[in-house]
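Student: Please take a close look at how this chain is divided and at how its parts meet. I would welcome one connected account.

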Amino acid sequence: MASHLRCEQILVRFGGVVACDKVSLDVEEGKIVGLIGPNGAGKTTLFNVLTRFQAHDAGHVYYRGELIDRKRPHEMVLMGMARTFQNINLFGEQSTLDNILIGAHRLTGSPIANMYSLPGSRRRERELARRAGEIAEMLRLSGQLDTAVKHLPYGFQKRVEIARALASEPRLILLDEPVAGCNDEETAELREVVKRINRELGVTVLMVEHDMSMVMNCCEHIYVVNFGANLAQGSPAEIRANPSVISAYLGQEVEA
Ligand SMILES: Nc1ncnc2c1ncn2[C@@H]1O[C@H](COP(=O)(O)OP(=O)(O)OP(=O)(O)O)[C@@H](O)[C@H]1O
Ligand SMILES: [Mg+2]
């Protein structure tokens, strides 16, 4: 299978802190891949490098084989990459629908045509609203389209973030702790959502997550990082049984 997103020997320093220490990974097209490791291991920093929100000091990033070291985040959106953030980052006063439509922004036409509401742009708006409705249905948000996001329960807000990312019609989505702070029911729901995005929309997924039920159940391949560096990679079963992963991160969890 082809490589969708790959990085080699990524180094990121924040003053004296080495957040990424020559870390490498390769996300195969069409897969759900996990990225796990202890707090402060550099997972979010690596996500920021991969999505071009963060410059790296050394190493290279490739999207479908193309070097993207110098790309800007909005260029990555145009190339088919979307992401969510570890901390919810929505427009709370705006409705679910408006938040989803913000994600579709890249698909809208000329700003001038939109300003004068030319017929082509009205058609496009209707099409975007229809598409946003489909995404909302997939994420079970249809009943909340007109609700201001700040009034939604936490688990719903996490789904709105994913819906907004999907509205840019990505081929690859990076999820930074999609179920952090969710209860068991919300986690189970999001687990199915992630699988459907992958299976039904054919979107490749790279996911950072501390919830092992989510990681072990969804991911076909898992990378483990520790102190900014690669510690292990393999199938869920291999990772669960890996002694260095157990001592660095999983601890007692695997015996549960
Ligand atoms: N902007 C920044 N400036 C300075 N240090 C930073 C910055 N961002 C991250 N760090 C440091 O880099 C290291 C890696 O942080 P990062 O947030 O990438 O870890 P993480 O694996 O995502 O952790 P968590 O599981 O808690 O989210 C930490 O020591 C953190 O304090
Ligand atoms: Mg993080």
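**Domains, contact and ligand shell**

Tutor: In this predicted model, the chain is divided into domain 1, residues 3-80 + 170-255, and domain 2, residues 94-164. The C-alpha centres of domain 1 and domain 2 lie 27 Å apart. Where the two touch, domain 1 gives 10 residues to the contact and domain 2 gives 8 residues. On the side of domain 1 that touches domain 2, the elements giving two or more residues are α2 (73-78) and α7 (184-201). Of these, α7 provides the largest share of that side, 5 residues. By class, the residues of domain 1 that touch domain 2 comprise 6 nonpolar, 1 polar and 3 charged.

Helix α6 covers residues 154-166. At 1.5 Å a residue, its 13 residues should span 18 Å, and the end C-alpha atoms are 19 Å apart, which agrees. Because 11 of the 13 residues of α6 are buried, the helix is largely enclosed by the rest of the structure. Among the buried residues of α6 are Phe 156, Val 160, Ile 162 and Leu 166, and also Lys 158, Arg 159, Glu 161 and Arg 164.

Turning to ligand 1, the residues that surround it include Phe 14, Val 17, Ala 19, Asn 39, Lys 43, Thr 44, Thr 45 and Gln 86. Both β2 (17-28) and α1 (43-50) supply at least two residues of this shell, and the largest share, 3 residues, comes from α1. The shell around ligand 1 has 7 polar, 4 nonpolar and 1 charged residues.

Definitions and conventions. Residues are numbered from 1 along each chain as its sequence is written. Chains are lettered from A and ligands numbered from 1 in the order in which they are written. This is a predicted model: local features need pLDDT of at least 70, side-chain atom pairs count only at pLDDT 80 or more; totals for chains, interfaces and linings use all residues. Helices (H or I, at least four residues) and strands (E, at least two) are DSSP runs, numbered from the N terminus. The expected span of a helix is 1.5 Å times one less than its number of residues. A residue is buried if 20 or more other C-beta atoms lie within 10 Å of its own, exposed if 12 or fewer, and partly exposed in between; C-beta atoms are placed from the backbone. A residue is near a molecule or strand if its C-beta atom, placed from the backbone, lies within 6 Å of it. Ala, Val, Leu, Ile, Met, Phe, Trp, Tyr, Cys and Pro count as nonpolar, Asp, Glu, Lys and Arg as charged, and the others, Gly among them, as polar. Domain bounds come from an automatic or database domain assignment. Two residues are in contact if their C-beta atoms, placed from the backbone, lie within 7 Å.
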